[in-house]
Amino acid sequence: MAKNLHHHHQHQSKNNICTKFVFFVSFACLVGLACIVNVLWASSFSFSSPYLNVVYNWVSQKPRLFVVPRAEEEEPNIADKIGDGILERKTGRVAERFLSATFADLPAPDLPWEQMPSAPVPRLDGSSIQIKNLFYVLSGYGTLDYVHSHVDVFNFTDNTWCGRFDAPKDMANSHLGVASDGRYIYVISGQYGPQCRSPTARTFVLDTQTRRWSSLPPLPAPRYAPATQLWRGRLNVMGGSKENRHTPGLEHWSIAVKDGKALEKEWRTEIPIPRGGPHRACVVVNDRLFVIGGQEGDFMAKPGSPIFKCSRRKEVVYSDVYMLDAKMKKWEVLPPLPKPNSHIECSWVIVNNSIIITGGTTEKHPVNKRMMLVGEVFQFRLDSLTWSVIGKLPYRIKTTLAGFWDGYLYFTSGQRDRGPDNPQPKMVVGEMWRAKLNL
Ligand SMILES: *[C@@H]1O[C@H](CO)[C@@H](O)[C@H](O)[C@H]1NC(C)=O
Ligand SMILES: *[C@@H]1O[C@H](CO)[C@@H](O)[C@H](O)[C@H]1NC(C)=O
């Protein structure tokens, strides 16, 4: 090899060497200039604009060697697994050189996160409802083959997990639609069983004072991760996916409820939401109903699989925000999220006339097509209808369950990233964190 190189050099003309030297000097100048520009950006602009910061990240990060799956078309039958909390595509692996995918993170200030006691179990796609100082955390996957069927309770006053009780055996185990009036927790449809089984139409209500469950009239059709809220005495349920977990539903139904009981025999049809699909935040505040983010499409059961094994399907994550006012005649389109965001059903709180959203998932990585998690905290001001990024989470994470107590933003559970340089999902966690907010 060395001999060959030597041989090669001997045959280069003087002219060629000269050209190469000039080229080398120009290249060195360019690198030097890039460094100077980089320092200038870092010192003056790094938090002023998301776009500059994207460029800054690209320039400042050394190219790294990553082992990634080959970029490919979405195929219907590629198996995915969450096994021990690891979501992974079973594909051949090839080494490719490209920049860290963290360019998709938006610039965000740090928040003073403190770790609190972890939930008794790790949880993915669970749900939560806060009632005063108590935080009810419901169901969810432990692993893809094991689903929870109980409620854990966290006490914000003394920061302890202080209770656990069972859910009805025939209640869905993940992707529930949940809402509360401050005493009763309504649980609408959701996925029944592990892997990628279908949703159920069954609907339940929990009296948090007696911890007794009862049932309500089933939804007109099963829904997976429907947007759900209690508004003006009516449970409102819309969007989500249909029975196959993948096809977006646009339907919107409501039923009058009071003190944990349905006042009507059947659900009523309301104006359909302009865009269907699961994993959206649904918030009622100032007598308006907001539906934020989400996606169209999701994993579905592999045809013929006896265990309903999850297989990947095409998904589109979006940043749409819709609002319905009390007349409920027409959906209004509001300013979009700072980036597409999904898996945020219970990742929001209302603080000081703002909606705060923690984490989620954004569009697939453009090269390796993998799911990318979100590590930002977003604020939507209800007075000006504007979005901003107000902080970073301790790591990127989806399906967080968020609460707010005594000035602190809390979140627990979900599936976190593989590390600062890798926004793909890995461990399912039960960790609980809190940070003082200052809006
Ligand atoms: C929550 O903690 C406070 C302070 O320790 C305590 O007074 C209260 O009884 C607790 N609530 C429950 C339901 O455990
Ligand atoms: C909410 O607003 C009040 C009054 O302006 C302020 O004292 C409080 O710190 C704010 N809370 C947060 C979490 O920013």
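Two strands pair if DSSP finds at least two bridges between them. Strands are DSSP runs (E, at least two residues), numbered from the N terminus. This is a predicted model, where local features need pLDDT of at least 70 and side-chain atom pairs count only at pLDDT 80 or more, while totals for chains, interfaces and linings use all residues. Residues are numbered from 1 along each chain as its sequence is written, with chains lettered from A and ligands numbered from 1 in the order in which they are written.

**Exercise 1.** Work out the strand order of the open sheet of 4 strands, and find its edges.

*Solution.* 
- Start with the order: it runs S12-S13-S14-S15, and the pairing is antiparallel.
- Now look for strands that pair on one side only: these are S12 (177–180) and S15 (212–216), the edge strands.
- From one strand to the next, the twist averages 20° (axes are lines fitted to C-alpha atoms, and angles run from 0 to 180 degrees between N-to-C directions).
- Zoom in on S12 and S13 (residues 184–191): they share 4 bridges in the antiparallel sense.
- Across that pair, Ser180 sits opposite Ile185 of S13.

**Exercise 2.** Describe the largest nonpolar core and what Trp348 touches.

*Solution.* 
- The largest core holds 71 residues, and Ile185, Tyr186 and Trp348 have the most contacts inside it.
- Strand S31 (residues 372–381) gives the largest share, 6 residues.
- Leaving out residues up to four places away in sequence, Trp348 touches Ala281, Val283, Ile355, Ile356, Ile357 and Ala402 (contact: C-beta atoms within 7 Å).

**Exercise 3.** List what surrounds ligand 1.

*Solution.* 
- A residue is near a molecule if its C-beta atom, placed from the backbone, lies within 6 Å of it.
- Around ligand 1 you'll find Leu134, Asn155, Thr157, Asp158 and Cys162.

How values were computed. Core = buried A, V, L, I, M, F, W, Y, C linked by C-beta atoms within 7 Å. Buried ≥ 20, exposed ≤ 12 C-beta atoms within 10 Å, placed from the backbone. Contact = placed C-beta atoms within 7 Å.
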